[in-house]
Amino acid sequence: MTVVGLDDTDSRERGMCTTYVATEVASRLAEQTDATVERLLLVRLNPAVEHKTRGNAALAIHLGHDQECDPETAFEVARATLEDLAETADDRTNPGLVVAGHAPDEVPDGVSAFTLSAIRDHLSIAEATTLADDHGYRRWGAGNGRGQIGALAAVGAWVALEERDWTHEYISYREPERWGTPRTVDEESVFAAAEEGYPTVWDTVDRAEGETVCVPHTPGPILHGIRGDDPEAVRTVSRSIGSEPVARTQRFVTNQGTDVHLKDGSTLESLAAVRDGRAYRLEGRVAGEPETRQGGHVFFKLVDPANGDISPASSVEATETLTCAAFEPTKRFRDRVRALRVGDRLTVCGEVARGTLKLEKFAVRDLVETERVTPTCESCGRRMKSAGRGQGYRCRDCGTAAETKVDRPLERDLDVGWYEVPPCARRHVAKPLVRGGFDGPTHPER
Ligand code: ATP
């Protein structure tokens, strides 16, 4: 058996798409050899990688038992296809190919560990080529060879992720002469099909934004991609969409919508130990009121839960705070973030960039239900005034006094449980709440 891994064939300006190159490699292998294509894997790697074109996808083709398609033949066919299709005129496109002469589930430990690192960390080209050579894999790279990182990661994915859930995407491709022109898709049929398929099929549309999320805006060959938990369901939804002619379709097994990119923050010493370019799941308490800044981006500070009791009364001087952000494109999610109050206990998930965690979702674990306020005078009902530093409060008119602030019930516009960005702002690898399996109530966006 043979596994073909490939990556980095497209260009932001010129179009193309590595999923398309993979379908072409698979169909040439089926035509030119007696190989049986068992499945195509679409693996999303670390979304924080700076070299990515868009979604940091790498692809693997799993070939069935066959004498006629030895790894050498598969390698030659794949390399010829990459040379034909990859947008190497763009010097940021650095295609890579890695071919392993074993079954997808016979991946050695070192290679599957490499895959997990490619999803959660940053790797070098040399790490990829050395490891591929150590295992006798055939490999090829153009440009600076960077695509071999993703290609090797795709080879290791079937074992690296075998404990996790796989999802499916059914991609429909445009006729090549239409690439780069506006897409003709019947929006109404997309919304109707999305409704039929939900919740098995998710992130097809964003109902609140009125957006057909499954239809890309970039110049590449994809007409639409339908994602979900079940291979039949994604195909059914795809087929109910009215559109321009579909040139070809392909179903991919993927790690999309799984949250496999999140590192477990409980292994960190403190929030301050997070590193840029990685995504985490972290526990903390809200340490400052959320603040909306220019551009509509919302920020708040999170503090280590171990950092003592943060109540709205205490001013938080903790040094170990982490800024969390909900940027403008996350739309209505920002209202959820604005509803947070100092002292709320949270689990937050997202990528850290320049010291700021870009929220993908958060769980409210404990809501602060009261706030400390200046007491009111029992006689006249007016708010008391400070009687001087450390001397409590006084009503100047009635002469009544109180020693400290008092608790007042706080109206909360938030419940305990998970909140998420809407489908229009979802990262490919982030898990939609509707998929279930979360450790608390969920408030899914659709
Ligand atoms: P494409 O459709 O071409 O795959 P993309 O958005 O998936 O577009 P790429 O053009 O593939 O992005 O660019 C990502 C590059 O980064 C690839 O060369 C890949 O090998 C490399 N890469 C992926 N993950 C990592 C990682 N964790 N560390 C370092 N490099 C990585």
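Which backbone atom lies 2.5 Å from an oxygen atom of the ligand? A backbone N or O atom of A57 does.

## Basis of the model

This is a predicted model, in which local features need pLDDT of at least 70, side-chain atom pairs count only at pLDDT 80 or more, and totals for chains, interfaces and linings use all residues. Residues are numbered from 1 along each chain as its sequence is written, and side-chain values use heavy atoms, with hydrogens and water left out.

The protein chain has an average pLDDT of 92. Here pLDDT is the predictor's confidence in each residue, on a scale from 0 to 100. A score of at least 70 is reached by 94% of the residues. Residues 312–318 fall below 50. Beyond near neighbours in sequence, that stretch has 9 contacts in the model, a contact being heavy atoms within 4.5 Å. Where pLDDT is low, the predicted coordinates should not be read in detail.

## Ligand site

Helices (H or I, at least four residues) and strands (E, at least two) are DSSP runs, numbered from the N terminus.

A polar backbone atom of N56 is 3.0 Å from a ligand oxygen atom. A backbone N or O atom of L123 lies 2.9 Å from a ligand nitrogen atom. The protein buries 97% of the 620 Å² that the ligand exposes when taken alone. Accessible areas come from the Shrake-Rupley method with a 1.4 Å probe; for residues, only the protein chains shown count as cover.

## Backbone geometry

Y198 and P199 are joined by a cis peptide bond, with omega about 5 degrees. P199 sits in the loop between helix 6 (187–197) and strand 7 (201–202).

D203 is not a glycine, yet its phi is positive, about 55 degrees. It lies in the loop between strand 7 and strand 8 (222–228). D203 is buried, with a relative accessible area of 15%. Buried means under 20% relative accessible area, exposed over 50%, and partly exposed in between (1.4 Å probe, protein chains only). K331 is not a glycine either, and its phi is about 50 degrees. K331 belongs to the loop between strand 14 (321–326) and helix 8 (333–338). At 25% relative accessibility, K331 is partly exposed.

R28 is part of helix 1 (residues 18–32). With 16% relative accessibility, R28 is buried. Leaving aside neighbours within four places in sequence, R28 is in contact with T33, V77, A80, T81 and D84.

D230 lies in the loop between strand 8 and helix 7 (231–239). At 32% relative accessibility, D230 is partly exposed. A polar atom of the D230 side chain lies 2.8 Å from the backbone nitrogen of A233. Leaving aside neighbours within four places in sequence, D230 contacts H168 and T200. D230 and G197 are 33 residues apart along the chain, and their C-alpha atoms are separated by 10.0 Å.

Definitions and conventions:
A polar contact is a pair of N or O atoms within 3.5 Å; within protein, one must be able to donate a hydrogen and the other to accept it, and residues adjacent in sequence count only if both atoms are side-chain atoms.
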